[in-house]
Each structure stands twice: as C-alpha cells, then as structure tokens.
Amino acid sequence: MEQIAAFQRLLVELGLSGQLAQTTAVQLRNGLNHSATRFQSQTTTAGGSATPVPGATGGSNFTDKPGLDDDNDNSGVAPLQMTSVESLLDIPGFTPEMIERLRPFVTYLPTNTAVNMNTAPAEVIAAVVPGMSLSNAQAFVARRQTVFFHNVGDVQLALQGAGVQQIAIDPSLFDVTTSYFYIHGRVDHERAEVDRTTLVYRDPLTHTTRIVRVQDQL
C-alpha cells in the first residue's frame, strides 16, 4: 500500500489522475498472478481438464489484495506482464502523452530496487518520502549537489535538514547506490542506423556485469 500511495503522489504531482495508481497495481497483480499460476497445473493422462497443484503459489494464495478492488478488472482476460514503461499503455486510462510525462520519473526493472537518493529527481523523492513536499524535495536535491551521500545515514540527516522530521530510512526503499544502468548508443550498418538501449546489471557483491535486455529502435 505504501508503494501504491507513493505512485499516486507522483501522478498527482505531475498533474495526472491519482486513481491510476490503484488501476496500475491491480493490473500488475493480475499479471503476476497469471504468471505464477499458468504453469502450476497438471493435466490428466487422458487429456482431461487441468487441476491446480496443491500448495502452488498464486491462485487463492495471491488474493489478499490489500486495498485493491478486483472489480476494477473484470474482463476475464489475463493482462500482459510489464516489460517497459510503454507497457503502461496496456492499462486503461494511460495515453502516449501521459507516458512521455512520466518517462523522466519512472522506469521498469526486473527486480525490486531501492530509490537511489543520490540521483532521483525531486518529484520522485517527494513521492517516496511520506510527508515531504516538492519544495522540500527540491531543497534536498539542491543540498545533494554539494554533498554526496555515502550511506543512508547521510540521507536521513539531509532529509531532516530539508524539513522532514522523524523519518526511518528503510534500506529496501532508499539507497545511495545503483545496480542497474542504461547504456544508450547507435549502431550503424551500411545504410541502416539503429538506436540501441541496453539495460545492464552490476552485481554489488561480485562486481560482475551482465546484460539484462537490449532494445533497438530504427
């Protein structure tokens, strides 16, 4: 619910409908639910109907839906899982213009990640820190221009200096480093030119790097 509220604050800050936060959460949950259950069924040897595997993740185990209303999606069609920011267009209510408005402030990554407080824009910081106004977030970002945050303790002190009091830093939500990076380049081959965006993951423990996905656009 905290993540839904943060996305709602970001949408409102950008002049978009906050209701889209819950709509997005329902769509994501239904997509993950479908993914968790689609291969967890077994079929009789005679080719009869499939029956759920007892104890399988998903299904009835995935319907606690805190604060989410299933009535928002009663089409009966399993939604696609997100693969990029453009996947928001699959959610009712989003338009291409809204995606472009959101693009500087959101991304899609394959794992849960903390917000890098050394690089996040003021709009994102105001959204993820409860009780923080945009003006306070802008003051936080201005302070960050001269003081690099080495740990979450530095972040907490800076947040207090920006007017946010009594906030507990959750390392799973806030951090000062990044493990995912986008590399933008152009590939020229004979008469063709392709803009290539590569998502790279750098393991913070082993310092090894791997390519997560590559997206080309003519």
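Me: What ground rules apply to the numbering and the values?
Reply: Residues are numbered from 1 along each chain as its sequence is written, and side-chain values use heavy atoms, with hydrogens and water left out. As the model is predicted, local features need pLDDT of at least 70 and side-chain atom pairs count only at pLDDT 80 or more, while totals for chains, interfaces and linings use all residues.

Me: Why is R186 called exposed?
Reply: Exposed means over 50% relative accessible area, buried under 20% and partly exposed in between (1.4 Å probe, protein chains only). R186 has 53% relative accessibility, so it counts as exposed. You will find R186 in strand β5 (residues 180-189); strands are DSSP runs of E with at least two residues, helices runs of H or I with at least four, numbered from the N terminus.

Me: What makes the link between the side chains of R186 and D195 a polar contact?
Reply: The term asks for a pair of N or O atoms within 3.5 Å; within protein, one must be able to donate a hydrogen and the other to accept it, and residues adjacent in sequence count only if both atoms are side-chain atoms. Here the distance is 3.0 Å. R186 also touches E193 and V194, a contact being heavy atoms within 4.5 Å.

Me: Why is the pair of Y180 and Y201 called tilted?
Reply: Rings of Phe, Tyr and Trp (its six-membered ring) pair if their centres lie within 6.5 Å; planes under 30 degrees apart count as stacked, over 60 as edge-to-face and the rest as tilted. Y180 and Y201 are 5.0 Å apart centre to centre, with 50° between the planes, and are tilted. Y180 lies in strand β5 and Y201 in strand β6 (residues 192-202), so the pair ties together parts that are 21 residues apart in sequence. Y180 is buried at 10% relative accessible area, and Y201 counts as buried at 19%.

Me: How do you know that the buried residues of α1 line one face?
Reply: The buried residues of α1 are I4, A6, F7, L10 and L11. Seen down the axis, they fall within an arc of 160°, so they line one face of the helix; the arc is that of the directions from the helix axis to the C-beta atoms. The face turned away from the buried side carries the exposed residues E2 and V12.

Definitions and conventions
Lists of a residue's contacts leave out its neighbours within four places in sequence.
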